[in-house]
Each structure stands twice: as C-alpha cells, then as structure tokens.
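I opened the model to look up a few residues. My notes follow.

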Amino acid sequence: MAIAPQAEAVYSCTSGSTGVPKIVRLSHANIVTNVRACAACACIEPTDRFLSLLPLSHMFAVTGDFLLPLHCGAAIVVPRALAANEILESLAQESITIIIAVPKLYRNLMLGLEKRLREGGAAMAVYREWKAQAKPAPGPGGLRRPLHWKRVVRPVDAAFRLPP
C-alpha cells in the first residue's frame, strides 16, 4: 500500500511553552525531510551508538534520538533511568558515541559529571574512555567532531584543566 507523502503521520501535543498547548499534525514528508536533513548534516555511522535521554513525547526526540539513528543504521541505548549514575553507566558499558539533548539536560549532565569528576576515581576513568572514543570523523568540509563535543567535552576539559 502506497502512502501519500502529505498524509498525516503524527499528531503531537505541544507543551504550550510558547503559548497555549495545541495539537501539531505532521505529514510523512515532514518527518522524512527532517530525518534526511539531519543525516546530511551529521557524521553518523552504523557503528555509532546513541544515548537516548529525551522523552519520545517530543518530536525532537522522535527525530533525533529515534528515527535518525535508525535511518543511519546506528544503535539506540536507553538508560534504565535519567539519573547521573545510570547515564554514566550507560556511557561506560555501551560505548556511546552520540548524545542528542536539550540545553537543560546537558546542564544537568554537566553538573552531575562535575561532581563525580571532582571526586575522581571511576567517573574520571569512564569520562576519559568515552572521550577517547569520540574521535573526529570525515564530513562535509573536513573533519567534524561528534555532536556532543562542543556541549560536553570542551566544558568538562576546561573545568578540570584536562588536556584536549
């Protein structure tokens, strides 16, 4: 059965953060276009492993944390809980290469990492191992860092005066 590109695919309820909550209707073409555009802009390989931290009730998560990795042949890892120890455990055990999140989540992750890194020990070892896996990859215009490099790695390295 053929599906028309303009046929409605998703009815999503907004949170109302910019006004009154409403229903947004997205077509198959809307969603496919967004996924293809993301894939064209990012250096995602089938060997990548996404850490999914966003609720799938938000279209950003559906696109970036779910459909994009599947489109690119990458794996998706969902931690048991959104607690710092669970996230760190997933980073260590699952060889995570990509995290897509919103600024508040990066901030909370950063604060949790800062606390654990200040304590040293296993958390610092996990961070160094995860960072070592996040190598630059070829992309349009030369080498590109993974998506999380600017938001996570640079600030952590600067805060703890770690070598690049």
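Alanine 7: I find this residue partly exposed, at a relative accessible area of 28%; the class runs between buried (under 20%) and exposed (over 50%), with a 1.4 Å probe and protein chains only. This is a predicted model, in which local features need pLDDT of at least 70, side-chain atom pairs count only at pLDDT 80 or more, and totals for chains, interfaces and linings use all residues. Residues are numbered from 1 along each chain as its sequence is written, and side-chain values use heavy atoms, with hydrogens and water left out.

I place alanine 7 in the segment before strand S1 (8-13). Strands are DSSP runs of E with at least two residues, helices are runs of H or I with at least four, and both are numbered from the N terminus. Leaving aside residues up to four places away in sequence, alanine 7 touches Leu26, Ser27 and His28; contact means heavy atoms within 4.5 Å. I also looked up arginine 25, 18 residues from alanine 7 along the chain: their C-alpha atoms are 9.7 Å apart.

Serine 95: I locate this residue in the loop between helix H3 (84-93) and strand S5 (98-100). Its phi is near 50°, a positive value in a residue other than glycine. Serine 95 is partly exposed, with a relative accessible area of 31%.

Phenylalanine 66: this residue lies in helix H2 (residues 59-72). I note 37% relative accessibility, so phenylalanine 66 counts as partly exposed.
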